[in-house]
Amino acid sequence: MDDLYRDYILDHYKRPRNFGVLEPHDLEALEHNPLCGDELGVHILVRDGRIEDLRFHGQGCAISQAAASIASEELKGMSVGDVAELDADWMIELLGIPVSATRRKCALLNLKVVRGAVTGDHSWPT
Amino acid sequence: MPPVAESSLSVRADFPILARRESGKPIVYLDSASTSQKPAEVIEALAEHLRAHNANVHRGVYALAQEADAAFEGARARVAAFTGADPETTIFVKNVTEAINLVAYAWGRANVGPGEAVLITQAEHHGNLVPWQVLCRERGASLRYLEVDERGELSLEAVERELARGDVRVLAIAHVSNVLGTINPVAEIVQRARAAGVLTVIDGAQAVPQMPVDVEQIGADFYAWTGHKALGPTGVGVLHGRREVLEGMEPFLTGGDMIASVDFYGATWNELPWKFEAGTPMIAEAVALGVAVDYLQRLGMERVRAHERALTAYMLERLPAVPGLRLVGPPEADARGGLASFTIDGIHPHDIAELCDREGVCIRAGHHCAQPLMRRLGVGATARASVGVYNDRADIDALVGALLSAREVFDLHARDERPAAC
């Protein structure tokens, strides 16, 4: 089996969870991967300081789409304060595949978008 | 499979890097539109200059300095002759992006004003697009685009229509598109633009490495190309300019080497071409580029073009064997340079390139520094395979094999797909 394109990665890529639009929503952000120009946006609904629901939209490679899909399941229910603290290691570990330096931004794009929506910090997660 | 004219060059052994193995297989380098590989004699020339002839140019009176001078200016003469240009109007720059910036700053800021326009195409590389955007914003001018049609080609009628509006000051287009591969009829377009009194700028980055180019015959005011795509090192590019235009311009960058004399409050400019070469230039790189164009001339640019045309025809014939593959750009090899950009349904170009790498096949994926064109084509990105003098049909076969395997990685799993067990 391929190290990178594992079954669950391809499954999330082909049938991404929590993709689409969410109306109404409280927070939103849109970011680009400068390597390929791919675009990923997020709509977030907040209730009592927690992410009640969220939807990603946009297009990208298997790594970026699967990462967003997998992360979306973890992010639901998380407190906004905890989301602000998430770092790159959290995402890479959650993804569970060896991510090369060139594909790192693919994997981290969703976290950049979500953190940007929640905190206004549009830097890349480290 | 119908026969395709066999490509004629057999020079792979001249390129040391191609002896490298990737994933246990010989490397298949299909990214020459990004940068070409270098023959041993170019690598050796770069090292030999630094080892045996290094001194600064235009300054020293000692023998070593004169040697460096002769090597640098000798390289300029060879590079100019390669494209049918005059050495005095052949300026060494860092790359095409710097060449376009030179024109946009030094000519554009003095000659383009509010209410006027710069005309480019939808297929331009960012290097021939962003400098014009910045110029137009600063000068209150407008940036207009010639459309590319479904075949990836320009319409001469549209060029004439735009020129007839009377406000165009600059027309800047690629000779060969780095995404579509389209060979644009630059001589015909330049002729129309010059008749309308419009400054013409040609980005020849993808043309000079793979086909005979005669800048006199094309007749543009400026023609730019870069060494590293033409078997030379990085860090050295070329801007050919029309003498009257260059003489009428103020310098782009100022400082050392580009002056005739300096006093405390003013300076006068050096002659062409040095007026546009501020500071110590890329001496060793220029010398190595001289050796690279000698190498190409020895092969013969007609043969290089025939070789790459034949390989492109073979690519266009073989690639449709990959299910879901869609090519962009002109469908015939005669109408395009040595590259093929494509998408495959269900696999993002990044993943295509990553899976090709597993087979030792190096291709590019992304927007190719042409994001507006990607939007015009309605794709986020494409994969691109591009050939050089050292490629052969086996490389194309390896590419097709890698693409079929890539599909398998994605498809095999698709067949396994079933609702997740609780």
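Predicted model: local features only at pLDDT ≥ 70, side-chain atom pairs only at ≥ 80, totals over all residues.
Let's begin with the strand order. Chain B holds an open sheet of seven strands, and reading across it gives β4-β10-β9-β8-β7-β5-β6, with mixed pairing. The edges are taken by β4 (90–93) and β6 (142–146) of chain B; each has a single partner strand, so one side of each is left without a neighbour in the sheet. From one strand to the next, the twist averages 20°.

Helix α5 (residues 156–164) of chain B packs on this sheet, where it touches β5 (117–121), β6 and β7 (168–174) of chain B. The direction of α5 makes about 160° with that of β6(B).

## Around strand β5

Toward β6(B), the two strands run parallel and are joined by five bridges. If you want a residue pair to look for, B:T121 has B:L146 of β6(B) as its bridge partner. Between these two strands the chain passes through helix α4 (residues 130–139) of chain B, and this β-α-β crossover from β5(B) to β6(B) is right-handed.

β5(B) also pairs with β7(B): the strands run parallel, and three bridges join them. Here B:A117 finds its bridge partner in B:V168 of β7(B).

## Strands β8 and β9

Elsewhere in the sheet, strand β8 (residues 199–203) of chain B runs parallel to strand β9 (residues 222–226) of chain B, and three bridges join the two. Which residue of β9(B) is the bridge partner of B:V201? That partner is B:F222.

## Backbone details in the loops

Two cis peptide bonds deserve a look if you plan to check backbone torsions. In chain A, the bond from A:E23 to A:P24 is cis, with omega near -5°; A:P24 is found in the loop between α1 (7–14) and β1 (27–32) of chain A. In chain B, B:L272 and B:P273 are joined by a cis peptide bond whose omega is about 0°. B:P273 belongs to the loop between β12 (266–269) and α9 (283–299) of chain B.

Positive phi values turn up in chain A as well. A:N18, a residue other than glycine, has phi near 55°, and it lies in the loop between α1 and β1 of chain A. A:N18 counts as partly exposed because it has 18 C-beta neighbours inside 10 Å. For A:D48, also not a glycine, phi is near 50°; this residue is found in the loop between β2 (39–47) and β3 (50–59) of chain A. Is A:D48 buried or exposed? It counts as exposed, because 7 C-beta neighbours lie inside 10 Å.

## Where the chains meet

Finally, the interface: 15 residues of chain A are in contact with 16 residues of chain B. On the chain A side, α1(A) gives the most, contributing four residues. Sorted by class, the side of chain A that touches chain B has seven nonpolar, five charged and three polar residues.

Terms used. Residues numbered from 1 in each chain as written. Chains lettered and ligands numbered in written order. Pairing = 2+ DSSP bridges. Axes fitted to C-alpha atoms, helices over the stretch in contact; angles between N-to-C directions. Contact = placed C-beta atoms within 7 Å. Right-handed = clockwise from strand over helix to strand, strands pointing away. Buried ≥ 20, exposed ≤ 12 C-beta atoms within 10 Å, placed from the backbone. Nonpolar A, V, L, I, M, F, W, Y, C, P; charged D, E, K, R; others polar.
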